[in-house]
Amino acid sequence: MVSIDKSLFYLYDKYILFIYEMGDTMRISAKGRYALAALIYMAQREQNGEYITILSISEGLGISKIYLEQVFSLLKKAGLVFSAKGAQGGYQLARPSKAITVLDILSAVEVSLFEPAQETVAEKNPAIEKALRLSAFEVVDQSLRQALRGITLADLVRAAEKYKEEQAIMFYI
């Protein structure tokens with residue numbers, strides 16, 4: 001995992017705490033969540049080198065095949081997956097899971113997550129506008145990007161395997 005400056009986590013943690021105190025959480029669309037889940041599913045199977053069909057991902061995750069086709073179109077356009085047609089066709093990761101970050105995935109499918117903040121009071125009070133932009137919004141955006149850049153698909157696979165093992169242990173107790 002990439003080393004991240006602790007001050008970035010501090011700022012990010014403060015932002016998340018603020019969001020939770022306001023009764024809200026960071027919004028990642030269904031498209032973003034499905035892209036992450038589908039690529040984790042693929043990364044769990046990357047060792048066998050076979051292509052994975054959208055149908056098998058759909059069945060394995062309980063996500064609409066039609067919706068996954070839209071997601072994979074964006075992932076392919078971003079160069080995160082490639083496809084092959086034919087009887088043995090499907091999708092493969094374009095890079096090893098340790099070289100694909102959550103930032104890569106969300107940047108490919110989330111249009112609004114990384115849009116610049118709209119101006120708030122620029123016309124009447126440009127000093128407040130600049131303070132908001134430079135001291136809050138850009139700091140949060142950079143912290144978020146750094147945090148998401150520090151989480152790889154391989155990290156998520158390891159976490160999923162850990163939670164799967166914990167579930168199995170809890171089931172048998």
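This is a predicted model: local features need pLDDT of at least 70, side-chain atom pairs count only at pLDDT 80 or more; totals for chains, interfaces and linings use all residues.
Is Asp 155 buried or exposed in this model? Asp 155 is buried, at 12% relative accessible area, where buried means under 20%, exposed over 50% and partly exposed in between (1.4 Å probe, protein chains only). Residues are numbered from 1 along each chain as its sequence is written, and side-chain values use heavy atoms, with hydrogens and water left out.

**Salt bridges overall**
- Side chains of opposite charge can pair when their charged atoms come close.
- There are four salt bridges here, each being a side-chain nitrogen of Lys or Arg within 4 Å of a carboxyl oxygen of Asp or Glu.

**The pair in helix α7**
- Asp 155 forms a salt bridge with Arg 158, at 2.4 Å from N to O.
- Both residues sit in helix α7 (residues 153-172), three residues apart, or about one turn of the helix; helices are DSSP runs of H or I with at least four residues, numbered from the N terminus.
- Arg 158, for its part, counts as exposed at 52% relative accessibility.

**Two further pairs**
- Arg 95 and Asp 104 join their side chains in a salt bridge of 3.0 Å, N to O.
- Arg 95 is partly exposed at 31%, and Asp 104 is partly exposed at 27%.
- Another salt bridge links Glu 138 with Arg 133, at 3.6 Å from N to O.
- Glu 138 has a relative accessible area of 35% and is partly exposed; Arg 133, at 39%, also counts as partly exposed.

Conventions:
Helices (H or I, at least four residues) and strands (E, at least two) are DSSP runs, numbered from the N terminus.
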